[in-house]
Amino acid sequence: MIKHINNKSDFVDATASGTVLVDFYANWCGPCKMLAPVLEQFANDMPDVQVIKVDVDVVSDVAKEFGVVSIPTLILCKEGEIVDKQVGFMNINQLKAFVK
């Protein structure tokens with residue numbers, strides 16, 4: 001299941017523990033729209049990884065804090081720490097490799 005984050009407090013809570021894949025996106029972004037079904041498949045295939053989506057137009061303070069300048073930007077967090085960052089579209093195999 002993918003969780004949509006609407007404020008910084010929810011973002012902090014969602015990324016505090018476990019493995020979390022954060023998708024910074026915008027509704028008007030073509031590559032973000034292409035990535036959406038890949039993220040759905042990923043969430044179904046990898047239930048031990050929480051997937052959250054952050055709309056950069058809604059939660060711009062979090063996007064700025066993490067240096068998001070291009071979208072989609074994917075950030076991998078483990079136990080509250082950022083361990084990797086990737087900009088751009090990824091297919092399901094690339095996404096799984098990114099998380100491992």
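**Side-chain contacts in a predicted model**

Asp 23 and Lys 53 are both buried. They form a salt bridge in this predicted model, one of three in the structure. The structure also holds three aromatic pairs.

- The closest N and O atoms of Asp 23 and Lys 53 are 2.7 Å apart.

- Lys 8 and Glu 65 form a salt bridge, with 2.6 Å between the closest N and O atoms.
- Because Lys 8 lies in helix α1 (residues 8-15) and Glu 65 in helix α3, the pair ties together parts that are 57 residues apart in sequence.
- Lys 8 is partly exposed at 37% relative accessibility, and Glu 65 is partly exposed at 48%.
- Asp 45 forms a salt bridge with Lys 96, where the closest N and O atoms are 3.0 Å apart.
- This pair links helix α2 (residues 30-45), which holds Asp 45, to helix α4 (residues 92-99), which holds Lys 96; the two residues are 51 residues apart.
- Asp 45 is partly exposed at 36% relative accessibility, as is Lys 96 at 23%.

**Aromatic contacts**
- Phe 11, Phe 24 and Phe 66 make up one aromatic cluster.
- Among the aromatic pairs is that of Phe 24 and Phe 66, which is tilted, at 6.2 Å centre to centre and 40° between the planes.
- Phe 24 lies in strand β2 (residues 19-25) and Phe 66 in the loop between α3 (60-65) and β4 (73-78), so the pair ties together parts that are 42 residues apart in sequence.
- Phe 24 is buried at 0% relative accessibility, and Phe 66 is buried with a relative accessible area of 18%.

How values were computed: Residues are numbered from 1 along each chain as its sequence is written. This is a predicted model: local features need pLDDT of at least 70, side-chain atom pairs count only at pLDDT 80 or more; totals for chains, interfaces and linings use all residues. Side-chain values use heavy atoms; hydrogens and water are left out. Rings of Phe, Tyr and Trp (its six-membered ring) pair if their centres lie within 6.5 Å; planes under 30 degrees apart count as stacked, over 60 as edge-to-face and the rest as tilted. Helices (H or I, at least four residues) and strands (E, at least two) are DSSP runs, numbered from the N terminus. Buried means under 20% relative accessible area, exposed over 50%, partly exposed in between (1.4 Å probe, protein chains only). A salt bridge is a side-chain nitrogen of Lys or Arg within 4 Å of a carboxyl oxygen of Asp or Glu.
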